[in-house]
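Please read the definitions as they come, and keep the model in view while you go through the points.

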Amino acid sequence: MSTAVLPYTVEPHPITRLYSGKLGIWLFLASEVMLFGALFSSYVLLRVGAPVAGPAAWPAHAETGLSWKIGGFNTLVLIISSVTMVMAWAALKTHNIGRAKAYLATTVFLALVFIVVKLTLEYIPKIQAGHTPSHNNFFALYFTLTGLHALHIIGGIIVITYFIGPGSALWKTDPEYFTNRVECTGLYWHFVDLVWIFLFPVLYLT
Amino acid sequence: MSLKAFHILFIVISSILCAGFGAWAVNEYLHFGDAATLAWGLGSFIFVALLLVYGRWFLKKLSGLNGW
């Protein structure tokens with residue numbers, strides 16, 4: 001029985017000039033752009049189309065109860081987590097797996113801070129105040145956009161934790177392949193953080 | 001696009017966001033006079049400067065690494 005070997009996991013493909021993982025993650029991110037793009041479009045259309053007055057009117061910022069201070073803090077946390085993520089990849093490039101793991105662990109910690117702040121200071125108080133997705137269009141979109149984003153953060157936490165733990169065994173047998181996997185995770189993480197960079201002003205400042 | 005290039009793009013976009021946020025916070029302060037809002041605005045401008053210094057350092061530090 002022959003063993004199947006994945007082609008172009010380290011060296012770039014001669015036509016695309018990308019290794020397979022990078023091509024795959026960019027295709028995935030392209031689909032993500034469409035997903036979040038559709039939701040952002042929904043936000044714009046519903047907001048522009050909302051009546052000026054009456055029960056269906058778009059709520060004023062003060063009525064939403066969203067704190068830009070909490071949103072700003074979480075923005076800062078995610079920007080720093082992107083720095084630690086890219087530093088983990090750079091550490092692998094210089095063959096320092098210990099430092100890379102420390103940076104990855106810091107990224108996971110910052111991601112957990114983001115999720116805990118989101119849950120305890122935003123979601124739970126909002127739901128307790130009756131501001132559930134069924135309250136109005138704003139909260140329907142707020143929970144859909146930020147909830148989907150939070151799910152992506154949780155997905156990133158799982159993948160990065162895997163690379164700190166059992167996934168790092170690949171480093172011993174094929175360090176370049178492992179480095180490429182961390183680079184793909186970093187591309188995903190940057191995309192998720194970039195989505196938040198657009199979400200923050202749209203939801204918290206307008 | 002590699003992670004290095006995407007990171008630079010991310011830093012540029014983050015800097016624009018922080019500068020915009022700083023301008024928004026200063027504008028809020030001028031309208032409502034809340035000192036904490038002004039502090040956030042000024043902090044945001046300082047963060048923009050830090051991001052730009054970091055971006056320059058990052059480019060210099062990682063110029064030897066392949067994968068651009």
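In what follows, a residue is called buried when its relative accessible area is under 20%, exposed when it is over 50%, and partly exposed in between, with a 1.4 Å probe and protein chains only. By that rule, both E122(A) and K118(A) are buried. The model is a predicted one, in which local features need pLDDT of at least 70 and side-chain atom pairs count only at pLDDT 80 or more, while totals for chains, interfaces and linings use all residues. Residues are numbered from 1 along each chain as its sequence is written, chains are lettered from A and ligands numbered from 1 in the order in which they are written, and side-chain values use heavy atoms, with hydrogens and water left out.

**Chain A as a whole**

- Chain A holds 7 helices and 0 strands, where helices (H or I, at least four residues) and strands (E, at least two) are DSSP runs numbered from the N terminus.
- Read along the sequence, the pattern of chain A is therefore written α-α-α-α-α-α-α.
- The C-alpha atoms of chain A fill a box of roughly 70 × 35 × 30 Å, taken along the principal axes, and buried residues make up 47% of the 206 residues in the chain.
- Of the contacts in chain A with a separation of 6 or more, 76% are between residues 24 or more positions apart, a contact meaning heavy atoms within 4.5 Å.

**Salt bridges**

- Side chains of opposite charge can pair when their charged atoms come close.
- A salt bridge is counted when a side-chain nitrogen of Lys or Arg lies within 4 Å of a carboxyl oxygen of Asp or Glu, and a search of the whole structure finds 2 of them over all chains.
- One of them joins the side chains of E183(A) and K22(A), at 3.4 Å from N to O, and this pair links distant parts of the chain, with E183(A) in helix α7 (residues 175-205) of chain A and K22(A) in helix α1 of chain A, 161 residues apart.
- E183(A) and K22(A) are both buried.
- E122(A) also forms a salt bridge with K118(A), the closest N and O atoms being 2.4 Å apart, and because these residues stand 4 positions apart in helix α4 of chain A, they are separated by about one helical turn.

**Positive phi angles in chain A**

- R17(A), which is not a glycine, has a positive phi near 60 degrees; R17(A) is found in the segment before α1 (20-49) of chain A and is exposed, with a relative accessible area of 68%.
- H95(A) likewise has a positive phi, of about 60 degrees, although it is not a glycine; H95(A) lies in the loop between α3 (68-93) and α4 (97-128) of chain A and is exposed, with a relative accessible area of 61%.

**The helices of chain B**

- The expected span of a helix is 1.5 Å times one less than its number of residues, so the 30 residues of α1(B) should span 44 Å, and the 42 Å between its end C-alpha atoms agrees with this.
- S2(B) caps the N-terminal end of α1(B), with a side-chain oxygen 3.3 Å from the backbone nitrogen of K4(B), and just after α1(B), G33(B) takes a positive phi of about 75 degrees.
- α2(B) has 27 residues and reaches 38 Å from its first C-alpha to its last, close to the 39 Å expected.
- The buried residues of α2(B) include T37(B), G41(B), F47(B) and F58(B), and the buried residues of this helix pack against α3 of chain A together with α1 of chain B.

**Where chains A and B meet**

- In the interface, 26 residues of chain B are in contact with 28 residues of chain A.
- The two chains bury about 2,500 Å² between them, 84% of it on carbon and sulfur atoms, where buried area is the accessible area (1.4 Å probe) that two parts lose on being put together, summed over both.
- In chain B, L3(B), F6(B) and F10(B) lose the most area to chain A, together 28% of what that side buries.
- Across this interface the rule finds 0 salt bridges.
- There are 3 residue pairs in polar contact between the chains, both residues at pLDDT 80 or more; a polar contact is a pair of N or O atoms within 3.5 Å, where within protein one must be able to donate a hydrogen and the other to accept it, and residues adjacent in sequence count only if both atoms are side-chain atoms.
- α1 (3-32) and α2 (35-61) of chain B each supply at least two residues of the side that touches chain A, and the largest share of that side, 11 residues, comes from α1(B).
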